[in-house]
Amino acid sequence: MTKKSEFDKVLSSKDILVIAFGAMIGWGWVISTGDWINRGGALGAAIGFALGGIMIFFVGLTYAELTAAMPQCGGEHVFSYKAMGATGSFVCTWGIILGYVGVVCFEACAFPTIISYIFPGFLKGYLYTVAGFDIYASWLTLASATAALMTFVNILGAKTAAIVQTILTVIIFGVGVLLIGTSTVRGDMGNLMPQLFAGKGNQSALSHVMHVAVMTPFFFIGFDVIPQAAEEIQGSLKKIGKILIMSIVMAVAFYSLVILAVGYMMSSSEINASMSGTGLVTADAMAKAYGTKKMADVVIIGGLCGIVTSWNSFMIGGSRAMYSMADSNMIPKLFAKLHHKYKTPVNALLLIGVISTLAPLAGRQMLVWICDAGNLGCCLAYCMVSISFLILRRKAPDMPRPYRVKHYKFVGIMATVLSGGMVSMYLIPGSGSTLKVQEWLMAGGWALMGAIFFTLNKRKYGEQFGKHLDIAVEYSVEDLEALRAHREVLSVNDVRVS
């Protein structure tokens with residue numbers, strides 16, 4: 001049994017590419033490049049990101065196949081439901097919502113912080129201090145006002161959000177190209193050679209490269225927003241899978257090239273001096289490349305755009321995930337309401353908007369804890385989707401798959417092992433990524449809230465808890481050709497050619 005989608009198909013292939021790519025590149029490339037180089041060396045850090053990209057690439061392949069096969073709002077919610085049932089689906093979706101909300105709240109604090117870098121006199125009206133972070137009235141006002149604006153933009157529709165995303169992502173990409181291009185002309189191999197790798201000896205160098213690699217998957221979170229908005233995407237389903245993989249490849253290339261550009265422009269001593277000063281090594285590299293500090297502001301503006309693109313993408317993803325859970329009677333039904341005009345999950349967006357508007361009151365350190373706890377939720381969801389991928393290949397071998405992954409057993413096992421490894425890093429003491437006590441409290445509190453929703457809604461709805469109806473799928477000519485090529489079974493209900 002199927003139903004007609006209530007969402008408008010307004011997102012093009014270009015829209016979903018910039019939504020995913022913009023979510024992944026964010027702000028880290030501006031503020032963390034010096035730390036990455038110190039950890040692994042310039043070439044070592046670039047290799048580390050490439051290795052981390054391979055890890056996430058396997059997970060991305062499972063997402064690509066499942067998204068094209070089940071293009072329905074909620075993404076992970078649908079995949080895990082089909083494979084594991086209502087309980088598995090609840091755990092998977094609840095985990096990734098924590099990740100999305102955590103990033104949104106963090107960006108609400110990051111935005112005014114970057115403004116204070118550009119305008120040193122911006123901080124006015126000291127209010128109080130939380131965990132060593134001073135909160136000013138001007139900082140708090142801008143953070144909350146921007147959060148309210150982002151919520152409003154998303155309520156206006158996915159297309160409006162995508163237009164904003166496109167403009168900002170183009171700016172980020174342009175700034176990156178300026179840095180990379182200029183460094184090839186004005187950089188010095190004398191800067192790069194002494195800091196190719198961190199540590200001494202092959203074994204030490206390899207360990208430093210791996211130290212970078214194990215942390216990189218967390219900078220690639222964002223490609224998973226595509227399946228959340230799958231019902232709003234128009235065109236070929238096979239192309240959706242290709243674009244999801246393309247967004248990961250682009251993000252890996254962007255990070256790696258920026259790292260090499262900074263290492264080519266700045267010596268080790270200059271990088272350390274920059275980290276001790278502004279902390280914005282990439283911005284200082286741009287200033288050196290062009291011989292003027294004004295160009296540092298250009299990079300900071302690019303980073304500012306990165307904050308907004310991540311913020312925007314995760315609002316899209318979080319609200320759609322909440323909608324899918326509410327539509328399945330897993331959380332209160334009021335979150336399944338769509339705006340009568342714009343066809344956006346308005347109540348889910350309003351809740352995330354209110355949380356992100358109030359979040360800056362807790363200060364930036366508190367939000368770092370929330371973000372780290374949220375990363376655990378995302379990695380758990382990745383692992384459960386990877387397992388779902390393997391289960392569905394056995395459980396539903398005849399499911400139409402416009403984008404079909406070759407050597408699925410190898411891909412699925414690698415995705416499961418690697419994503420499971422990400423989860424274990426947060427749990428095993430001494431891994432370098434183990435959650436702090438405060439982060440455990442936040443993750444535990446979120447899990448407790450989920451358990452309450454699970455218990456109450458299961459008691460209220462009984463057999464209707466976790467109910468799911470497939471959306472009638474519209475296949476393009478390209479999709480039908482792909483299905484016929486793989487000898488898929490096409491006798492499904494409501495199959496239409498768009």
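Biologist: Before we start, what should I know about the numbering and the model?

Modeller: Residues are numbered from 1 along each chain as its sequence is written, and side-chain values use heavy atoms, with hydrogens and water left out. Since this is a predicted model, local features need pLDDT of at least 70 and side-chain atom pairs count only at pLDDT 80 or more, while totals for chains, interfaces and linings use all residues.

Biologist: Thanks! How are two packed helices described?

Modeller: By the angle between their axes and the distance between the axes. Helices are DSSP runs of H or I with at least four residues, strands are runs of E with at least two, and both are numbered from the N terminus. Axes are lines fitted to C-alpha atoms, for helices over the stretch in contact, and angles run from 0 to 180 degrees between N-to-C directions. Here, helix α1 (residues 13–25) and helix α14 (residues 294–327) have axes that come within 7 Å and cross at roughly 120°.

Biologist: Which word describes α1 relative to α14?

Modeller: That angle makes α1 oblique to α14. The scheme is this: under 35 degrees is roughly parallel, over 145 roughly antiparallel, 65 to 115 roughly perpendicular, and the rest oblique. α1 passes α14 in a left-handed crossing, a term used if the near helix is turned anticlockwise from the far one by less than a right angle (right-handed if clockwise).

Biologist: Which residues make the contact between α1 and α14?

Modeller: Contact means heavy atoms within 4.5 Å. Ile19, Gly22 and Ala23 of α1 make the contact with Gly306, Thr309, Ser310, Ser313, Phe314 and Ile316 of α14. By class, the contact of α1 with α14 has 4 nonpolar, 5 polar and no charged residues. In this sorting, Ala, Val, Leu, Ile, Met, Phe, Trp, Tyr, Cys and Pro count as nonpolar, Asp, Glu, Lys and Arg as charged, and the others, Gly among them, as polar.

Biologist: Let me try another pair. How do α16 and α17 cross?

Modeller: Helix α16 (residues 364–395) and helix α17 (residues 408–427) have axes that come within 8 Å and cross at roughly 155°. That makes α16 roughly antiparallel to α17. The crossing of α16 past α17 is left-handed. Among the residues that meet are Leu376, Phe389 and Arg393 in α16 and Lys409, Ile413 and Val423 in α17. The contact of α16 with α17 divides into 15 nonpolar, 6 polar and 3 charged residues.

Biologist: Now for charges. How many salt bridges are there in the whole structure?

Modeller: A search finds 7 salt bridges, each defined as a side-chain nitrogen of Lys or Arg within 4 Å of a carboxyl oxygen of Asp or Glu. In one of them, the side chains of Lys159 and Asp15 meet at 2.7 Å, N to O. This pair links distant parts of the chain, with Lys159 in helix α7 (residues 158–186) and Asp15 in helix α1, 144 residues apart.

Biologist: Is Asp15 buried or exposed?

Modeller: Asp15 is buried, with a relative accessible area of 1%, whereas Lys159 is partly exposed at 33%. Buried means under 20% relative accessible area, exposed over 50%, and partly exposed in between (1.4 Å probe, protein chains only).

Biologist: What separates Asp35 and Arg39 in helix α3?

Modeller: About one helical turn, because Asp35 and Arg39 are 4 residues apart in helix α3 (residues 33–40). Their side chains meet in a salt bridge (2.8 Å, N to O). Asp35 is partly exposed at 29% relative accessibility, and Arg39 is partly exposed at 26%.
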